[in-house]
Amino acid sequence: MSDLRALRRRRPSAAVPALALMSVALIGAAPGPGRSVPSPGAGDAVVTVRTGGDRTGPRTVAPLAGVRLGLYADESSGAPVDPGWGVCTADADGDCSFTVPGTGPGGANAGTRLWVRQLPDGAPAGWFTSPTLRTGPGSGSDSTAAPYAFRTPALAAGRTYASTDTGPDGFMVSDTFGTNYPASGGVWQNSRTNPVPHVGCGLDVAVVLDLSASVGSALPQLKAAADTFTDALTGTPSRMALYSFDQASPSTSVDRNHPELLPVSTKAGADAFKRLYADWTLGKGTNWDRGLAAVAEAAQRYEAVVVITDGNPTRFADDAQGDGSRTHFRDVENGIFSANAVKATGARVIALGVGKGVEGVSGLNLRALSGPTPYDGTNLLAADHFQTADFASAGQDLHDLALFQCRGSLSVVKQIAPAGTTGEDVTGAVNAGAGWTFDASTGASGIGGFPARETTTDDGTGAVSFHPTFTGVAEGPVTVAEVQQEGYELVPQGGHNAVCTNLDTGQAVPVTDRDLSFTVTVPSKAAVSCLVHNRPVRPADVTVAKTWRVDGHDYADGRQPAGLTAALSLTGPGGAGPGAQPWGVTRPGYRVGEAVTVAETAAVERPGCVLTSSRLTRLDGAATDLPLPHTAELTGEHLTAEVTNVVDCAEEPGPEGPGPQPSPTPGTPEPVPSPSHSATVPPVPPVPLPETGAPDLPALTGWAAAATALGGTALGLAALRRRRRS
């Protein structure tokens, strides 16, 4: 029951038929209790064959009901020996049993040896037969197209002859390899019909690489073929997984497989995937069984599985059974069962044979692994298996296959730049998650399929794909508008909203921008991919302070001497033109990376005073000396600046002394006096004078006291004279 639970976890319920309720051993075993194999009656013999479908464990396979087999007089007979008892149909336990009469002494069939073959229409719905398989040396030499047929022992009444029995009453199963090419596991193979190709641009695909020793010096070319396939998927909503095999999986020369799907929608993602196998080395032996079983056993699911191999299988099972140098039925059977398990998940298996090791009749085994349709140079999507002369040709076939599904499509890949970047810098950008929506439209005639809306998913590619239809035209304009998410902004590249590439040629495709949209010409015979960047919006603000420096004394704006004024203007936010802004008051609404221009209009209306300098003297806390107007980039969330105006005033005596004499604001300290006048001066009382000009004596007494405090009689008298003149 553990196998059953694993099977249910591994596949969608729709892919698991009712017949897969138990597993049968792949290693030879006679029928046991509970099996629906009839007991031979008097004068009868029973021949029973186990039929199997999907692998359920390293050495087990699920039974396959509905398989129809026949007993034939020889390998080439056109019809079974009898249309009744000479034909059987496998039951739900995977047992296809014949009851052969006349096998007692003197009977018509006594001592007869018959051949078991599958009827031409003997596969159940959804399956196909492989009546001939390739056997022979693993090198590909001396290949034989061997009929998949097995001869029974001489039949005797009262005996049961089983395909899985290793004793004298058994046939099919054999643990003897070498040149015993018909050696089988005793479970009759049938292949699942290959799932139909995935429709549309973008693919979730697992690549399974053969790292057997026979690859030899062509290993770099094998990797190059995988590179070519990866590059062809770059720019599309595609993801890739990676497996290897030699006599085991992963290959004995590799640390692990990579079943997780990695996005290759961008060059960075494709390069990361290619690095996974860049330093892989070769092992030994060829075990199709384990290479595909590893894929079936993974929790991850794929739309396609591409197996690239240079030779026929020479090993099977999880302990590398087989002789490692020759291909027997058993090596191929086990590969078929594992391929069936992969197909049961919905993945299409594409078998790619490369080189002399899999040329010619080796296509029979590639067929059994994948499907009956070979590549003929024109049927890329329909082909189940390919045979190429070298890895360069294999890579080109894979390249063409990937892009054929994208012909006439427009992919849009969305990436999010880090919040700390500014301008067009998108260093460290990552693929967008789910929820980014794009609307596509066209005003051109002959282009159908629009308007259309696509939204990114959580698949990690950050990509969507549009598939217009073309009627009577070879190309046409498509406009894509992004539905901008709150808290993000578009980041142009090279001044454009998108960077577009023709995936077939690798050449840049011109774009026309408008607001958050872009328009690109899409050809009907090629694929276009466009990369769009966004960045999280970081709010920012601007604060500009004002300092007046008058005759060497500093005043904050609002405390400067009368007659000195300056008006601040700032550009922005959001591209707005210059606008008035109070000094020292913060203006919000900017974004990090935005630019702001600081300018002012100053006026000096105080007699004898001149504005000699107006400069930006501090920026973001650092001292500077920059002319106005000045444009600064908001590199952080708060931009602070200070503008200093320098004013010089003439030293002319006046009623309030030389130089400017500001009216002090209550509570505001006046400029610091020079050291020669640092003493505290007591207030001088006013001296009321009569119209006759004669001094009032009490007042003079007060002036005398003040004169003494001022430092002497002469100084006091001088002050008195000034007072009297006033």
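# Reading a predicted model, feature by feature

User: Where is the place of aspartate 279?

Analyst: Aspartate 279 sits in the loop between helix 3 and helix 4 (288-297). Keep in mind that this is a predicted model.

User: Is aspartate 279 buried or exposed?

Analyst: A residue counts as exposed when its relative accessible area is over 50%. Aspartate 279 has a relative accessible area of 62%, so aspartate 279 is exposed.

User: How many residues apart in sequence are aspartate 279 and valine 254, and what is the C-alpha to C-alpha distance?

Analyst: Aspartate 279 and valine 254 are 25 residues apart in sequence. In space, their C-alpha atoms are 9.3 Å apart.

User: What do helices and strands come to in the protein?

Analyst: The protein has nine helices and 45 strands. As for contacts between residues at least 6 apart in sequence, 71% join residues at least 24 apart.

User: How should I read a pair of strands, say strand 42 and strand 43?

Analyst: Look at how they run and at the bridges between them. Strand 42 (residues 609-619) and strand 43 (residues 622-627) run antiparallel, and four bridges join them. Leucine 619 stands opposite alanine 622 in strand 43.

User: What lies between the strands in the hairpin of strand 42 and strand 43?

Analyst: Two residues lie between the strands in this hairpin. Aspartate 620 takes a positive phi there, near 50°.

User: What is a disulfide?

Analyst: A disulfide is a covalent bond between the sulfur atoms of two cysteines. In this structure, a search of the whole model finds four disulfides. If the bonded cysteines are numbered in sequence order, the pairing reads 1-2, 3-4, 5-6, 7-8.

User: Which cysteine does a disulfide join to cysteine 88?

Analyst: The partner of cysteine 88 is cysteine 96, with an S to S distance of 1.8 Å. The torsion about that S-S bond is about 110°, so the disulfide is right-handed.

User: Is cysteine 88 buried or exposed?

Analyst: The cut-off for buried is under 20% relative accessible area. Cysteine 88 has 3%, so cysteine 88 is buried. Cysteine 96 is buried as well, at 0% relative accessibility.

User: Which parts does the pair of cysteine 500 and cysteine 530 tie together?

Analyst: Start with the bond itself: a disulfide joins cysteine 500 to cysteine 530, S to S 2.0 Å. With 110° about the S-S bond, this link is right-handed. Cysteine 500 lies in strand 31 (residues 499-502) and cysteine 530 in strand 35 (residues 528-536), so the pair ties together parts that are 30 residues apart in sequence. Cysteine 500 is buried at 3% relative accessible area, and cysteine 530 is buried at 1%.

User: Which cysteine does a disulfide join to cysteine 609?

Analyst: Cysteine 609 is joined to cysteine 649, S to S 1.9 Å. The torsion about the S-S bond is about 105°, so this disulfide is right-handed. Cysteine 609 belongs to strand 42 and cysteine 649 to strand 45 (residues 638-649), so the pair ties together parts that are 40 residues apart in sequence. Cysteine 609 is buried, with a relative accessible area of 9%; cysteine 649 is buried, with 10%.

User: How is empty space found?

Analyst: Rolling a probe the size of a water molecule over the atoms shows where empty space is left. In this structure, the second largest pocket holds about 400 Å³ of space. Its lining has 21 residues, and the closest to the pocket centre are Thr234, Gly235, Ser265, Thr266 and Lys267. The elements that give two or more residues to this lining are helix 2 (219-233), helix 3 (267-277), strand 22 (410-416), strand 31 and strand 35.

User: Which element gives the largest share of the lining of the second largest pocket?

Analyst: Strand 35 gives the largest share, four residues.

User: What does the accessible surface of the protein come to?

Analyst: The accessible surface comes to about 31200 Å², and 55% of it belongs to carbon and sulfur atoms. Of the 726 residues, 48% count as buried.

Definitions and conventions. Residues numbered from 1 in each chain as written. Predicted model: local features only at pLDDT ≥ 70, side-chain atom pairs only at ≥ 80, totals over all residues. Heavy atoms only, no water. Pairing = 2+ DSSP bridges. Disulfide = S-S within 2.5 Å. Buried < 20%, exposed > 50% of the residue type's maximum accessible area, 1.4 Å probe, protein only. Contact = heavy atoms within 4.5 Å. Areas by Shrake-Rupley, 256 points an atom, 1.4 Å probe, with all protein chains shown as cover. 1 Å grid on protein atoms, 1.4 Å probe; cavity = no way out; pocket = protein on both sides within 12 Å on 5 of 7 lines; lining within 4 Å. Points joined across faces, edges and corners; volume = space filled by probe spheres on them.
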